[in-house]
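Here are a few exercises to work through with the model open beside you. Try each task before reading its solution.

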Amino acid sequence: MAQEGTLTSPGSLEGTKEATDACRFERDPFQWDAREDCQVRQILDRIADKWSLLVIALLDEKTLRFGELVREIDGISKRMLTVTLRNLERDGLVGRTVYPEVPPRVEYELTPLGRTLLATTQALVTWSEEHQEQIARARQEFEAAHGAD
């Protein structure tokens, strides 16, 4: 059942065990977009985003300030970092602490939920490192056969 004060559509399973079970047991990935009560696609879109993965990896062992994150993530704009951090905070993966100083100091850290992603993130990095040469060869072969677009 939805928590008191939470708005859901009539008959919605959102936030219920039934909704979780529907997502868990329905294995057709092409149905993720069609199922109103399953947010798997939205979650995957968020955590698989290239900026989100970098933020999660950087916050692995330490708390960082906004400026430190901007310096560490090559190519990210301040606007995109702001959006990424806000979305990760909204999803409960990143915590934001504001210190009442002048100027205000804001720090970001992974929440316990965000820390559960670290093994998965590291597995993706490891897989990429192990297969980067094969992928580079496949790209070269594809471009040779199809021409560069």
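**Exercise 1. Find how many residues the hairpin between S2 and S3 uses, and trace the strand pairing around it.**

Step 1. S2 and S3 are joined by a hairpin of 5 residues. Helices (H or I, at least four residues) and strands (E, at least two) are DSSP runs, numbered from the N terminus.

Step 2. S2 covers residues 94–99 and pairs with S3 in the antiparallel sense over 6 bridges; two strands pair if DSSP finds at least two bridges between them. Within this pairing, Thr97 has Glu107 in S3 as its bridge partner.

Step 3. On to S1: residues 64–65 form this strand, which runs antiparallel to S3 (residues 105–110) and is joined to it by 2 bridges. Here Leu64 stands opposite Tyr108.

A word on the model: it is predicted, so local features need pLDDT of at least 70 and side-chain atom pairs count only at pLDDT 80 or more, while totals for chains, interfaces and linings use all residues. Residues are numbered from 1 along each chain as its sequence is written, and side-chain values use heavy atoms, with hydrogens and water left out.

**Exercise 2. Decide whether Glu107 is buried or exposed, and list what surrounds it.**

Step 1. Glu107 lies in strand S3. Its relative accessible area is 19%, so Glu107 is buried (buried means under 20%, exposed over 50%, partly exposed in between, with a 1.4 Å probe and protein chains only).

Step 2. The side chains of Glu107 and Tyr99 make a polar contact of 3.2 Å. Such a contact is a pair of N or O atoms within 3.5 Å; within protein, one must be able to donate a hydrogen and the other to accept it, and residues adjacent in sequence count only if both atoms are side-chain atoms.

Step 3. Beyond four places in sequence, the contacts of Glu107 (heavy atoms within 4.5 Å) include Thr63, Leu64, Arg65 and Arg96.

**Exercise 3. Locate Thr111 and find which backbone oxygen lies 2.5 Å from its side chain.**

Step 1. Look in the loop between S3 and helix H6 (112–115) for Thr111.

Step 2. Thr111 counts as buried because its relative accessibility is 17%.

Step 3. The backbone oxygen is that of Gly92, 2.5 Å from a polar atom of the Thr111 side chain. Thr111 also touches Leu93, Val94 and Gly95.

**Exercise 4. Find where helix H7 kinks and what follows the helix.**

Step 1. H7 spans residues 118–146, and its kink of about 55° is centred on His131. The bend at a residue is the angle between axes fitted to the seven residues ending there and the seven starting there.

Step 2. After H7 comes Gly147, with a positive phi near 75°.
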